[in-house]
Amino acid sequence: MRPIDTVIMEVQSETPLIKTLRLDRSLDPHPGQYAMVWIRGLDEVPMSFSGPDTITVQSVGEASEALNSLGEGRSIGLRGPLGKGFTLLGERILIIGGGVGTAPLAFLGEQAMNAGMEVTSLIGYRCCSDMIFLKRFQRLGRTIVTTDDGSSGIRGRVAAGLEALDLDDYDQIYLCGPELMMWDVISRSREHAKKTQACINRYFKCAEGICGSCCLDPDGLRVCVEGPVIRADRLLESEFGRYRRGPTGVKGPCRG
């Protein structure tokens with residue numbers, strides 16, 4: 001798939017390090033799918049959709065910082081939508097997210113509400129100044145907030161908010177955020193893993209299932225094409241939450 005030339009129509013600052021870019025076209029993505037974004041002369045990186053025509057970018061490295069420095073009228077290349085997104089199921093759903101991982105979940109929640117589903121959200125942030133998309137979630141229905149420092153909502157990581165919920169009440173659970181946060185939630189709710197859809201991040205190089213850079217041990221699941229949304233019971237016995245590979249293929253610790 002060749003990159004499509006796409007113009008940035010609007011830039012919205014969510015936090016000092018996170019921006020939402022509105023594009024001049026919709027690629028008709030499903031929430032949880034991603035695009036490979038080409039920053040000319042630098043790199044191509046994967047980005048989740050936060051809406052039909054938006055991507056939300058956190059500055060964490062050279063490519064994402066360069067992308068967030070682009071203003072209105074600048075162009076980027078897009079390949080997508082790629083991968084397997086979330087599947088809406090049932091009548092009552094629970095959304096669990098953290099940080100910039102809330103972006104595809106806000107998009108998902110809005111589709112669920114429009115489909116007549118009852119939506120509950122459990123959203124975690126480091127502190128009150130990092131709270132992105134909170135109003136989007138509050139418009140969907142009941143919203144529980146956690147912050148690491150206790151500056152808003154429940155003090156602690158996202159999993160601390162599970163005590164306020166009965167997971168048996170939900171037909172499906174949707175999860176996205178930092179890996180260790182996601183692993184904390186999945187490991188605490190193993191009995192609900194078969195009804196939990198998790199959107200995970202691995203190193204994507206080709207995004208076509210050829211190079212193997214994103215494969216999960218031990219069964220070689222290709223996250224770029226068979227994911228990034230994967231049912232949580234497949235993650236319980238995988239490398240997820242334990243280690244991950246970088247650009248060279250060397251295993252390293254999970255972070256976040």
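This is a predicted model: local features need pLDDT of at least 70, side-chain atom pairs count only at pLDDT 80 or more; totals for chains, interfaces and linings use all residues.
1. Residues are numbered from 1 along each chain as its sequence is written, and side-chain values use heavy atoms, with hydrogens and water left out.

2. The chain has 6 helices and 17 strands, these being DSSP runs numbered from the N terminus (helices H or I, at least four residues; strands E, at least two). The radius of gyration is 17 Å, close to the 18 Å that the globule rule gives for 256 residues, so the chain is as compact as a globular protein of that length; the radius is taken over C-alpha atoms, and the rule is 2.2 Å times the number of residues to the power 0.38. Of the 256 residues, 51% count as buried (under 20% relative accessible area, 1.4 Å probe, protein chains only).

3. A closed barrel of 6 strands runs 1-2-5-4-3-6 with antiparallel pairing, where two strands pair if DSSP finds at least two bridges between them. The twist averages 45° from one strand to the next.

4. Helix 2 (residues 102-114) lies across strand 4 and strand 5, running at about 35° to strand 4, whereas helix 1 (residues 62-69) runs at about 125° to strand 5. Axes here are lines fitted to C-alpha atoms, for helices over the stretch in contact (heavy atoms within 4.5 Å), and angles run from 0 to 180 degrees between N-to-C directions.

5. The largest nonpolar core has 35 residues, of which Ile96, Leu175, Ile186, Ile200, Val223 and Leu235 touch the most other members; such a core is a set of buried Ala, Val, Leu, Ile, Met, Phe, Trp, Tyr and Cys residues joined through side-chain atoms within 4.5 Å. Strand 7 (92-98) and strand 11 (172-176) are among the elements that each supply at least two residues, and the largest share, 5 residues, comes from helix 4.

How values were computed: Buried means under 20% relative accessible area, exposed over 50%, partly exposed in between (1.4 Å probe, protein chains only).
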